[in-house]
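Open the model in your viewer and keep the selection tool at hand. The tour goes from one selection to the next.

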Amino acid sequence: MSELEAINLSLSYDNISIINNLSMSIPHGKITALVGPNGCGKSTLLRGVSRLLKPREGSVVLNGQDIWKLPTKELAKQLGILPQGPTAPEGLTVHELVAQGRYPHQSWLQQWSPEDERVTNDAMQITNITAFADRPVDTLSGGQRQRAWIAMTLAQDSDLILLDEPTTFLDMAYQIEVLELLHSLNFKRGKTIVMVLHDLNHACRYADRLVAVCDGRIFAEGNPEQIVTEAMVRDVFKIECRVIEDPVTGTPLVVPESPRHKRKLDDPTPVPNLQTPLLEQEIAYRC
């Protein structure tokens, strides 16, 4: 079942075409990762399907309705978007940031309510940032700050969450922490998640479905085992690689090759026997 669908979508910036006549369906209740090289159009595509960028042609349909015909608050109740590198006003606390996610559910007649407080606290608990509720967002570490922004998106209480490169500028530990959180939201809360990822191996580990974007079009889509091949990586990312089985998850693991390492593999020179005394190695070498 499709929850979000792009139909013959074309997107551009200042008359420079980025996405051309692209159609894509996002399955309900799954994690979908958009992957591809820098400049291929994957972030532009995410902006297009989240109504951050108006299409030149085509349409985007959310739960059977054109997103450009939905009132802003109604759209925000159904779709949460976390752009790349968001910033908060100086001094804004974590609780205040997360509470911003409740804006679509408020009106002139009903401002902050006990339900808003409950959902806000629940979002902070899920993302494990309750202890930072009274701290300014700009004093948090990168991983903590990213969890705070995800909590704000959760507070919207939408079934669909879109994220543009949620692991950018995070070290390895924080990257895994954020991806595990998103996987948990999908598995335990049933959230449909769409995210742009640079790391193809992370995408293979955490996504049910990949959409490989190349030159503004979809090159391949399907589950990681179906589409992640040495040929696909060569054609899309322009690198040679070996695709092996991830020893931890069993998903595809892409191991890039390089001319330097390939020369070592092809070098016929025998490797010295490390068990041979150094003097014997020297004699053998001089002979």
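Select strand β8, residues 192-196. Thr192, Val194 and Val196 point one way from the strand. Ile193 and Met195 point the other way. In a regular strand, side chains alternate between the two faces of the sheet. Keep in mind that this is a predicted model. Is β8 mostly covered or uncovered? Covered: 5 of its 5 residues are buried.

Which strands pair with β8? Strand β3, residues 31-35, pairs with β8 in the parallel sense, over 4 bridges. Strand β7, residues 160-164, also pairs with β8 in the parallel sense, over 5 bridges. Pick Val196 in β8.

Next, show helix α6, residues 172-189. Together with β7 and β8, helix α6 makes a right-handed β-α-β unit.

Stay on β7 and select Ile161. Is Ile161 buried or exposed? Its relative accessibility is 3%, under the 20% cut-off, so Ile161 counts as buried. Display its contacts beyond four places in sequence: Gly80, Thr153, Leu154, Lys191, Thr192, Ile193 and Val194. Then set a distance from Ile161 to Met195. Their C-alpha atoms are separated by 8.3 Å, while the two residues are 34 residues apart along the chain.

Move to helix α5, residues 142-155, and pick Gln144. Gln144 has a relative accessible area of 15%, which is under 20%, so Gln144 is buried as well. Look for a polar atom of the Gln144 side chain: the backbone nitrogen of Ser141 lies 3.0 Å from that atom. Beyond four places in sequence, Gln144 touches Ile129 and Phe132.

Finish with the nonpolar cores. In soluble globular proteins, nonpolar side chains tend to be buried together. How many residues has the largest nonpolar core? It has 49 residues, and Val94 and Leu210 have the most contacts inside it. Helix α5 gives the most to this core, with 7 residues.

Last stop: Val94. Select what Val94 touches beyond four places in sequence: Met124, Ile129, Phe132, Ala133, Arg135, Val137, Leu140 and Ala148. Ile129 and Phe132 are in this list, and Gln144 touches them too.

How values were computed:
Residues numbered from 1 in each chain as written. Predicted model: local features only at pLDDT ≥ 70, side-chain atom pairs only at ≥ 80, totals over all residues. Heavy atoms only, no water. Buried < 20%, exposed > 50% of the residue type's maximum accessible area, 1.4 Å probe, protein only. Helix = DSSP H or I, 4+ residues; strand = E, 2+ residues; numbered from the N terminus. Pairing = 2+ DSSP bridges. Right-handed = clockwise from strand over helix to strand, strands pointing away. Polar contact = N/O pair within 3.5 Å; in protein donor to acceptor, adjacent residues only side chain to side chain. Contact = heavy atoms within 4.5 Å. Core = buried A, V, L, I, M, F, W, Y, C linked by side-chain atoms within 4.5 Å.
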